[in-house]
Amino acid sequence: MDGTRCRHTVGLLAALGALVAVLTACSGPAPHLASPSPTPPTPRPTPGEIVEYPVPNGTGALTVGPDGALWFLDTQSGQIGRMTTTGHVAEYRLNTAGTLSDLTAGPDGALWFTEQDSSMIGRMTTGGQVTQFALPASGDTPVGITKGPDGALWFTEGTATIGAYRIGRMTTSGQVTAEFPLPNALSGTLSGISDIVTGPDGALWFLGTTGVGRVDVSGKVGEYILPTDLAEPRGLAVGPDGALWFAEAGANKVGRITTSGQITEYPLPNALLSGQGQSGVGGIVTGPDGALWFTADATNQIGRITTTGQFSAFPVTTSQSGLGPIVKGSDGALWFSENTAHQIARITP
């Protein structure tokens, strides 16, 4: 490079340096960017924590709908209610004078319910559209109902004949395709049949006053009488251990039966008994923690039992709340009805 070109290059670099200095002086110091504040962690709910939400009237049966909301029977006003997991409530009036007994989510994305005094089974869409189906005989009284293993609805029913009971099957189009009569011995010992669920063996399991019954889809019936007389089993749930679990209100116990019929009974501890020695145990459900959770109305508590028989108890906030069914919600919590208090509550397992 010759001397003239070198001098021009040096001069150009000097001019650029001066321009940068002027611009820096005019703009001032670079702004300070503050570090973002750390987001505080969301507090985890305390195990056993209870939150209560009011409903317009009393509550009966309770189930989780196909939309993830809680659906319940408002037995006082003849309506079906819907509650979101944030506590928002809507109700749908039914055109029936019958006693609403049970409610379940059907295989067709609708809610199905029994009308005990009207000899009818009803269907409601999640939008509130209702259809009612009459049973073959006007004296039939449907009680419990559940989604069967075959895509139909199965229900327990009494008949006009005292002491005679049947297990019925209804398609999602409302056609009753089978009514299996229970043997005389079974009708006598399982009087007042109520709850029914699909078992892990693909059969239907149901409760009576003193025992547990089983019927397969072909209509073959089995009976298992409980060791304790007048145990009054209530609530029926498939356990995490592949057995069926139920509460025994008359015996103050929690019962377990395997699909082969082996029965075990667990006496409740004193903490779950009232001063009169009553428990009022009712609904029962398998929790996300692998234990069984149940309601104990006489002491106004929610009970918990492990599959090895270890108990614990959690008092309900509102006294004398009238505890009823309990279900596992779509949010991973357990939800239960408080009929007397006109509330539905959530407990963190």
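I will go from the confidence of the model to its pocket and then to its aromatic pairs.

This is a predicted model, in which local features need pLDDT of at least 70 and side-chain atom pairs count only at pLDDT 80 or more, whereas totals for chains, interfaces and linings use all residues. Residues are numbered from 1 along each chain as its sequence is written, and side-chain values use heavy atoms, with hydrogens and water left out.

The mean pLDDT, the predictor's confidence in each residue on a scale from 0 to 100, is 87 for the protein, and 84% of its residues reach 70 or more. Over residues 3-37, however, the pLDDT is below 50, and this stretch has one contact in the model beyond near neighbours in sequence, a contact being heavy atoms within 4.5 Å.

The secondary structure comes to two helices and 28 strands, taken as DSSP runs numbered from the N terminus, with helices being H or I of at least four residues and strands E of at least two. Of the 349 residues, 46% count as buried, where buried means under 20% relative accessible area, exposed over 50% and partly exposed in between, with a 1.4 Å probe and protein chains only.

Turning to the pocket, what classes of residue make up the lining of the largest pocket? It has 19 nonpolar, 19 polar and six charged residues; here Ala, Val, Leu, Ile, Met, Phe, Trp, Tyr, Cys and Pro count as nonpolar, Asp, Glu, Lys and Arg as charged, and the others, Gly among them, as polar. A pocket is an open set of points on a 1 Å grid over the protein atoms alone, where a 1.4 Å probe fits, with protein on both sides within 12 Å along at least five of seven lines, and lining residues have an atom within 4 Å of a point. Leu62, Asp102, Asp195, Leu236 and Pro325 lie nearest the centre of the largest pocket, among 44 lining residues.

Finally, rings of Phe, Tyr and Trp (its six-membered ring) pair if their centres lie within 6.5 Å, with planes under 30 degrees apart stacked, over 60 edge-to-face and the rest tilted. The count comes to eight aromatic pairs. One of them, Trp71 with Tyr92, is stacked at 5.9 Å centre to centre and 15 degrees between the planes. Because Trp71 lies in strand β3 and Tyr92 in strand β5, this pair ties together parts that are 21 residues apart in sequence. Trp71 is buried at 0% relative accessible area, whereas Tyr92 is partly exposed at 22%.
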